[in-house]
Amino acid sequence: MPADSSPGFTGETPLHRAGSPQRTATGPPSAGTAASPVEVRRSARRRRTVSAYREGDRTVVLIPARMSEAEERRWVNVMLDKLAAQESKRVLGDSELAERASRLSEQFFDGRARPSSVRWVTNQNTRWGSCTPSEGSIRLSHRLQGMPEYVVDYVLVHELAHLLVPGHGPRFWRLLEAYPRTERARGYLEGVVAAERLPHLPAAREE
């Protein structure tokens, strides 16, 4: 199912059903995304909306022809994140979360980080995860549920690293360098926090 978005977040039928795109560009995925290639299709008929969908082993992003290359890159990243979030709506159980942490430990820390427990909690609203090295326990905030997988993985890797290095000194951040999506995931989470801090305007009253 296509994920539709735009500068105004208005919906529109994907153009692969309405007409031929003006230009098709295929490239490697952006850093921090899945390994499938990304194809960008521009169309003069598309004015404001941006949409994306999976097509076989690739992701197709549909954009207006007038967009600059910088806007294209930004919207490709936005739509990849939206698709990833949609595809991760199924909430992992605690046992699945623990299995995921074990795989990440093997992949990035040679299995040296071995948590005794990994679970979701609902009482962490000011931080994304926490770790108690003396107990080997890792807890992830329920607010992460539904976010892109690479973001959840980053928080898991972050807390796994605390099993090896308790503080946030240089040695800790060197460990985090093993995870290639660290900067992107941190940017995503910082964007979520920034959005939550925006003032909420009162709803307009109907006349």
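1. The side chain of Asp 81 makes a polar contact with the side chain of Arg 184, at 3.0 Å. A second polar contact joins the side chains of Asp 81 and Tyr 150, at 2.9 Å. (A polar contact is a pair of N or O atoms within 3.5 Å; within protein, one must be able to donate a hydrogen and the other to accept it, and residues adjacent in sequence count only if both atoms are side-chain atoms.)

2. A word on the source: this is a predicted model, where local features need pLDDT of at least 70, side-chain atom pairs count only at pLDDT 80 or more, and totals for chains, interfaces and linings use all residues. Residues are numbered from 1 along each chain as its sequence is written, and side-chain values use heavy atoms, with hydrogens and water left out.

3. Where does Asp 81 lie? Asp 81 is in helix H1, residues 69–87. (Helices, H or I of at least four residues, and strands, E of at least two, are DSSP runs numbered from the N terminus.) Asp 81 is buried, with a relative accessible area of 15%. (Buried means under 20% relative accessible area, exposed over 50%, partly exposed in between, with a 1.4 Å probe and protein chains only.) Not counting residues up to four places away in sequence, Asp 81 touches Pro 148, Tyr 150, Arg 184 and Tyr 188. (Contact means heavy atoms within 4.5 Å.)

4. Now the sheet. It is open, with 3 strands in the order S6-S8-S7 and mixed pairing. S6 (117–121) and S7 (129–132) stand at the edges with a single partner strand each, so one side of each has no neighbour in the sheet. S6 and S8 (residues 137–141) pair in the parallel sense over 5 bridges. (Two strands pair if DSSP finds at least two bridges between them.) Arg 119 has Arg 139 in S8 as its bridge partner.

5. Next, the rings. The structure holds 4 aromatic pairs. One of them, Phe 108 with Tyr 179, is edge-to-face: 5.3 Å centre to centre, 80° between the planes. (Rings of Phe, Tyr and Trp, for Trp the six-membered ring, pair if their centres lie within 6.5 Å; planes under 30 degrees apart count as stacked, over 60 as edge-to-face and the rest as tilted.) Phe 108 is in helix H2 and Tyr 179 in the loop between H4 (170–176) and H5 (182–196), 71 residues apart.

6. Which residues do ring pairs link into a cluster? They are Phe 108, Tyr 154 and Tyr 179. Phe 108 counts as buried at 16% relative accessibility, Tyr 179 at 4% and Tyr 154 at 5%.
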